[in-house]
Amino acid sequence: QEQLVESGGGLVQAGGSLRLSCAASERTGRSYFMGWFRQAPGKERDFVAAISWTGGNTYYADSVKGRFTISRDNAKNTVYLQMNSLKPEDTAVYYCAASPITLPPAVVTGAQDYPYWGQGTQVTVSP
């Protein structure tokens, strides 16, 4: 069972920044395709960003493009989500997800293609 543990969430004012971290088990951290999703109350879980195991390919939802950056440090088995220029609509529980296979661009946004998930970390952006 792969283990993912998110951290770094919190309360921030609009325009501020946060950096989320996802600490993974050794195998997951080094070779898995990783993603970030978020879920606001009463809404579906939405794709935010994803990164290939080499870090060479990254993908972003249109709503966060230019503001969020996904990265990974395989030596530390950790994936990051740097979030800048935060908006109240970014408020949600953010989840880290992992896939043992490389996902083609057409499916990276689908939560069903990631079998492993963290417990989530709350991000709240005040106006």
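Good morning. Phe33, Phe37, Phe47, Tyr59, Tyr95, Tyr114 and Trp117 form one aromatic cluster. The model is predicted: local features require pLDDT of at least 70 and side-chain atom pairs pLDDT 80 or more, whereas totals for chains, interfaces and linings use all residues. Residues are numbered from 1 along each chain as its sequence is written, and side-chain values use heavy atoms, without hydrogens and water.

Across the whole structure, a search returns eight aromatic pairs. Rings of Phe, Tyr and Trp (its six-membered ring) pair if their centres lie within 6.5 Å; planes under 30 degrees apart count as stacked, over 60 as edge-to-face and the rest as tilted.

Consider Phe33 and Tyr114. Their ring centres are 6.3 Å apart and their planes stand at 45°, so this pair is tilted. It joins distant parts of the chain, 81 residues apart: Phe33 belongs to strand 4 (residues 33-39), and Tyr114 to the loop between strand 9 (92-99) and strand 10 (116-117). Strands here are DSSP runs of E, at least two residues, numbered from the N terminus. Phe33 is buried at 2% relative accessibility, and Tyr114 is buried at 2%. Buried means under 20% relative accessible area, exposed over 50%, and partly exposed in between (1.4 Å probe, protein chains only).

I turn to Tyr95 and Trp117. This pair is edge-to-face, with 6.4 Å between centres and 75° between planes. Tyr95 in strand 9 and Trp117 in strand 10 are 22 residues apart. Tyr95 is buried at 13%, while Trp117 is partly exposed at 25%.

Finally, Arg45 lies over the face of Tyr95, 3.7 Å from the ring centre, and over the face of Trp117, at 4.8 Å. The criterion is CZ of Arg, or NZ of Lys, within 6 Å of the ring centre and within 35 degrees of the ring normal.

Key
Helix = DSSP H or I, 4+ residues; strand = E, 2+ residues; numbered from the N terminus.
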